[in-house]
Structure formats: structure tokens, C-alpha cells
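Please read the points below with the model open.

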Amino acid sequence: MKLISCHIENFGKLSNIDIDFNSGVHKISEKNGWGKTTLSGFILAMFYGLEGTNKKKYEENDRKKFLPWNSGYFGGELTFETKGKKYIIVRNFGKKDNEAEFKLLDATTRLESTDYSEKVGEELFGVNRESFVRTAFIGHSDTRYQGSNSVINAKVGSLSQQGDLENYDKAKAVLKDYLNSKSPTRSTGDLSRMKSSISELERDIATTEDLEKRLSDIRTNIGNEQQKLTSLEQKDKEFGEARNLKSELDSLEKSMNTLPKVDNSKLERLAKVFEAGIPEEKEFEDNIATYNEVQNLIQKNDTLETLIETLQENEIAASDTDEKVQAARADLVEKRKQRIGLGVIFIVVGIVIAVLVAILKKPFLVPAVAAGTVFVVEGIITLYKALSEKVVYTGGTGASQTSVNDKAKIERYKQNIKANNDTIKSYEKILKEFFARFGASYSRVDAENYLYDLKAKAREYKEAKDSIEIYDKQTEGIQAELAEKKANWEKYLASHPELGSGDISTVLDGISSEMSASRGIIARLEQEQQDTLERIDILNDKKEQLASLKEQQLELAARYEIVKKTDKYLAAAKDNFVSAYMAPLKMSFEKYYEMMTGEKDDFEIDASLSISRREEGAYHDVETQSDGYGDMIGLAARMALLDAMYEGEKPCVIMDDSFVNLDDTNLAGAKKFLDEISKEYQVIYLTCHSY
């Protein structure tokens with residue numbers, strides 16, 4: 001297989017690039033930063049697509065790494081030839097996986113071809129992306145040998161069709177994951193967790209015997225306490241009659257003590273007030289009404305006297321008004337005479353001025369004529385006002401004459417006042433006589449308060465007398481019953497000397513207290529018994545869990561050992577199989593190594609295709625070699641693998657500045673190496689050097 005050409009529309013920093021590839025060695029020499037590594041990434045992506053597009057890290061995500069810098073169309077075309085036929089791979093990688101597009105065209109007809117699918121790299125080279133990168137694709141930083149995998153091992157052994165070694169890594173990974181997940185030594189392993197769970201269950205179950213002993217003790221204590229409670233209840237029942245008698249006696253004494261007491265001193269004080277007898281309610285109401293009527297008559301007299309004073313003041317005011325009216329009229333007549341005289345003078349002066357003007361006939365006297373006219377007019381106006389003015393005075397003429405009706409009212413009011421005073425005297429006589437019955441003096445100021453106070457005292461006196469009668473009736477019955485109960489109680493005490501002095505309350509309270517404490521102890525013990533039974537039930541369940549878990553442990557341990565041995569035997573079988581082609585692979589590797597270095601060294605290749613070099617009497621991993629030798633060993637190993645893997649049509653080999661670490665001596669051998677491998681492989685060599 002060889003590459004013919006490529007067109008890069010946009011891929012990373014590369015944009016609108018066209019390259020035609022030569023057979024043999026095709027060298028692309030560009031300065032640093034041109035995009036040589038990006039070009040090699042484009043070729044790889046055209047065959048295998050983008051890798052790690054779901055990863056967050058930039059260096060692991062091809063889409064992030066190679067997304068076009070100009071945000072244009074992300075993709076291009078790659079033309080290659082295989083088995084005498086040319087094809088064009090067209091890919092648009094898109095900004096997302098679901099936007100990616102792939103087409104395979106027949107380069108001759110430009111029609112779509114179905115000879116290869118989107119996985120054209122795997123179908124064409126017979127290896128996955130990882131295996132291709134480990135062999136034919138030698139990136140800028142991947143020149144050193146990276147080892148093999150199951151796919152490479154299968155290809156080397158010409159067993160890719162059977163698929164046994166191709167699936168070896170997957171099988172090993174599955175077995176490893178299983179062994180790790182079931183490991184008896186890893187904290188996350190099922191067997192390890194089972195062991196911890198079993199130990200915990202065994203520790204818990206070990207407490208069962210102690211719990212059962214405690215349960216037995218609890219049941220014994222409950223029985224003893226119940227016997228004690230039964231005895232106390234029997235004793236309490238025997239003293240039931242005493243309790244009833246004492247309760248009845250205490251109840252009667254309490255009733256006697258709670259009866260309302262009568263204040264005899266208060267009763268005696270009130271009795272002195274009402275020595276003449278207690279007035280009826282109506283008599284109090286009548287006297288209060290009489291007092292109220294006296295107050296009404298006094299108020300009426302005050303009103304009548306006010307009216308009389310008002311009428312008399314009006315009479316005096318009317319007399320003063322008449323005198324003021326007469327004086328005003330005389331003053332007005334005098335002022336009218338003065339105004340008439342002034343008007344006549346104005347008219348005469350005006351006429352005189354007019355006559356003089358007519359006689360003298362002087363032009364400069366014209367203003368004088370005007371002045372004379374003004375005097376005449378002003379005189380006429382003054383006469384008119386004086387003659388038309390009338391005497392007007394608010395209050396009118398005749399206000400001084402006192403009304404005959406007012407004088408009659410004054411006389412009638414005086415007679416009413418006299419009649420009211422007579423009635424007041426008769427009412428107050430009645431009140432004085434009532435007050436005298438209780439040793440009190442009548443006073444208009446305090447009479448009302450005294451009447452209401454006396455009325456309240458009369459009611460209070462009646463209630464006190466009634467309370468005494470009720471109290472006497474109640475105490476009479478209670479005292480009789482109390483005497484009977486005391487006699488019965490004394491008789492009971494005499495027949496029950498065990499009660500001692502008869503303080504039955506103390507005895508009964510003690511029994512009641514003991515019974516209460518005993519019931520509390522029983523309740524606590526029964527709760528503890530229930531808790532203990534539940535814990536024992538839980539432990540019994542754990543015994544069943546333990547038995548089941550141990551059985552599972554045995555089964556899982558057996559399966560674990562089987563898988564462990566399977567893993568061991570699988571690795572041994574793979575090593576035995578690979579060892580069959582280790583010798584020819586070593587010969588091919590040593591040929592290429594000698595081609596580049598001109599030296600023959602002692603190398604070892606083990607069953608995992610790891611390479612070590614003999615130095616100072618021992619074999620050392622190639623990782624310990626210098627950069628130059630490490631790169632040459634890596635190139636020789638890759639070519640040895642390619643020779644073994646591809647016996648028919650060979651893939652192209654892509655090298656990205658793989659000789660950068662070689663000195664001038666080894667560089668000549670590297671060029672010879674390139675010339676030699678280009679006889680069988682197309683080599684695309686990318687470099688920033690002139691060699």
C-alpha cells in the first residue's frame with residue numbers, strides 16, 4: 001500500500017495544502033512550526049478517525065488538538081493505492097462526533113466505493129490504531145520502542161484470522177479486573193469485605209451467651225418483684241375499710257372547715273344601727289324620691305330667680321336707650337343747620353365770581369369763572385344732603401316703655417317661688433323625721449349619700465342574718481354525722497391494734513408508695529426483657545447470615561482460585577506461543593540494528609517482545625540507553641515487527657523527524673537504513689533538517 005496524494009482543507013494550523021507523495025522515501029523538509037506533526041496526525045486521522053473526542057484534556061483529545069485555527073471546514077482528502085487499485089478517503093471531522101462524515105471514492109470513477117468502511121485503517125492494515133502507532137506510525141516523540149500488544153503478537157505469529165492473541169489483552173484485563181474485585185487482600189475486594197463481615201458477625205454472635213444469661217436474671221427479678229407487689233396489694237386491700245372510714249372522716253372535717261364563717265362583730269355593729277327596725281325596700285325608695293323632688297324644686301326656684309333678674313335688667317336698659325335717642329336727634333338738628341349755612345355760602349361765592357367776570361371781561365379771569373361754577377355746584381350738593389338726612393338710631397324709639405306683660409311675669413314667678421319653698425319645707429320635714437329614726441341629722445349636701453349607704457347596710461344586715469341561719473342549719477347536720485364517724489373510727493382502731501396510734505394515712509401512703517415503686521421496677525425489667533429478646537433475635541438472624549456468608553465465601557474463594565490459575569496458565573500459554581517466533585524476530589531486529597550502527601550487539605527479546613541489551617555482563621532494558629541508541633533500537637524493532645506482521649503487501653511508514661537524536665556517525669547508517677527499507681515500504685519522512 002502506498003500514499004498517492006492528499007488535500008488538507010483545514011486541519012489544525014494547516015489550510016488548503018496539497019501534497020503528491022513519491023514512492024520509496026518521500027521527504028518533507030519544512031522549518032519548525034510549519035505543521036509537520038499536524039500533517040502526520042492528518043494522515044493517521046484519515047485512516048483511523050479522531051481519538052479521545054470525549055476526553056477533557058487537550059493533549060488526549062484529537063478534536064480539540066486539530067480543530068482548524070480558521071474555524072473552516074474540518075477535514076480533507078487522502079488518495080492511496082492498494083492491490084493495484086486507487087481510492088480516495090474523504091472525511092469531514094465536524095465539531096462534534098455526530099457531525100462527522102466519511103466517504104470512500106474510487107479514484108478512477110470518483111464514485112463511492114464499499115470496498116472499505118469508515119474503519120478503513122483496521123480493514124486495510126489488519127491492526128487497530130494502537131498497533132499501527134506502535135509499528136508503522138513513528139511520531140516525533142515516539143521513536144523509542146513501545147513494546148507490543150496482543151494484536152501485534154497475533155500479526156507477528158500470522159494468527160490474526162484466529163483472533164486468539166488479538167483478544168489476549170482483553171482477556172487478561174477481564175481476569176485482572178475480576179481478581180482485583182474479588183481479592184482477599186485488597187480492601188475493596190469481595191473476599192476481603194466478606195472476611196471483615198464474617199469477623200464482625202462472629203464478634204457480635206459471641207455476646208449471645210451473655211445476653212441469654214442476662215435474660216434469665218431479668219425473668220427471675222420480674223418474678224420476685226411481682227410476688228412483692230402481690231403481697232402489697234393484699235395488704236392494701238385488707239386496710240380498705242380503714243381507708244374508707246378515714247377518708248369519710250377527713251372529708252367531713254374538711255367540709256366543716258370549709259363552711260363560710262359569719263362575722264359576728266359586723267352583725268352586732270349593724271344591729272345597733274337598726275335598733276328601731278329595718279326599713280322595707282319601698283320606704284328607702286320613697287325617701288330617695290322625696291329627696292330628689294326637693295332637689296328639683298330648688299333647681300326650679302333657681303331658674304325662676306334668674307328669669308326675674310333678666311326682666312328687671314331689660315327694664316333698666318330700655319330707659320337708658322330713650323335718653324341716648326333724644327341726645328342723638330338734637331345733635332343731628334344742629335349739624336343740619338351748619339351744613340345749610342355752608343351750602344348757601346358756597347352758592348353766594350360762586351355767583352359773586354361769575355358777576356365779576358361778566359363786569360371786568362378780562363381773559364385771564366377765565367379760571368376764576370370755572371372756580372365760581374365749582375363753588376355753586378358744591379353749595380347745591382351740600383344743601384341737598386343736609387335737607388335729606390333723617391334721624392336713625394338702632395333700638396328704635398319707645399324702647400324705654402316697660403311691657404305690662406313683663407311686670408306680670410315677674411309677679412307670677414315670685415308667687416311660684418314661694419309655693420315651691422313651702423313644698424320643700426314639707427318634704428324636708430319628712431326626711432328629717434326618717435333620719436332621726438337612725439340617730440342621724442338631715443343635710444341637703446349629704447342626704448342622698450346617706451340614704452344609699454343606709455339602704456346598702458340594711459341589705460347587708462339582712463344577708464348576715466340569713467347566713468347565720470344557713471350556717472347553723474348546715475353545721476348542725478355535719479356535726480352530728482362527724483360525731484358518728486369519729487365513734488366508728490375509734491371503735492375500728494380498738495379492734496386493729498396493728499395500726500398503732502391510728503395514723504392510717506402514713507401507713508397507707510407507705511404501702512401505696514411501695515406498690516408504685518414495685519410497678520415501676522417491673523415495667524423497667526419487662527422493657528429490658530423485651531430489648532434483650534429483640535437483640536437475641538437479631539443475633540440469631542446474624543447466625544444465619546454468618547452461615548450463609550461463610551458458604552458464599554467458600555464458593556467465591558474456589559472461583560477466585562480457579563480464575564487465578566486461569567490467569568497464570570493463560571500468560572504461560574501466551575509466552576509459550578510467542579516464544580515460537582521470537583528467534584526470527586530477533587534476527588530481523590539485529591539486521592536492521594547492524595544496518596544503522598554497523599555494530600553487532602547482544603540483544604534478548606522475551607515472550608512479551610520486550611528488548612534488553614547486554615552490557616557489562618548483564619542485560620539492561622532499552623530504556624537505559626542514550627537517546628540516540630534508544631531511537632535506533634526503536635526503529636530496528638519497529639521494522640522487525642513490520643517484516644513479521646506484513647508478509648504480503650506492506651503499509652507505508654510515517655516517520656516524524658525520527659533521526660533528530662543521532663550524531664553524524666549514526667546518521668549515515670540511518671540513511672542507509674532508509675534506502676534499504678524503501679525497497680519494500682513507502683516512507684514519508686518529515687523533518688526540519690537538510691539531511
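The numbered points start with the basis of the model and then go through its local features.

1. The model is predicted, so local features are limited to pLDDT of at least 70 and side-chain atom pairs to pLDDT 80 or more, while totals for chains, interfaces and linings use all residues. Residues are numbered from 1 along each chain as its sequence is written, and side-chain values use heavy atoms, with hydrogens and water left out.

2. Helix α1 covers residues 36-48, 13 residues in total. Helices here are DSSP runs of H or I with at least four residues, strands are runs of E with at least two, and both are numbered from the N terminus. From first to last C-alpha α1 reaches 18 Å, close to the 18 Å expected at 1.5 Å a residue; the expected span is 1.5 Å times one less than the number of residues. After α1 comes G49, with a positive phi near 80°.

3. Twelve of the 13 residues of α1 are buried. Buried means under 20% relative accessible area, exposed over 50%, and partly exposed in between, with a 1.4 Å probe and protein chains only. The buried residues include K36 as well as L39, F42, I43 and F47.

4. How many disulfides does a search of the whole structure find? The search returns zero, a disulfide being a pair of cysteine sulfur atoms within 2.5 Å.

5. K27 belongs to strand β3, residues 25-29. This lysine is partly exposed, with a relative accessible area of 36%. K27 and M655 lie 628 residues apart in sequence, yet their C-alpha atoms are 9.6 Å apart in space.

6. The count of aromatic pairs is 17. Rings of Phe, Tyr and Trp (its six-membered ring) pair if their centres lie within 6.5 Å; planes under 30 degrees apart are stacked, over 60 edge-to-face, and the rest tilted. The pair F11 and F42 is edge-to-face because the ring centres are 5.4 Å apart and the planes stand at 75°. F11 is in strand β1 (residues 2-11) and F42 in helix α1, so this pair ties together parts 31 residues apart in sequence. F11 is buried at 0% relative accessible area, and F42 is buried at 0% as well.

7. Ring pairs also link a cluster of F47, Y48, F80, Y87, Y116, F125, F132 and F137.

8. K591 sits over the face of Y592, 4.5 Å from the ring centre. The criterion is NZ of Lys or CZ of Arg within 6 Å of the ring centre and within 35 degrees of the ring normal.
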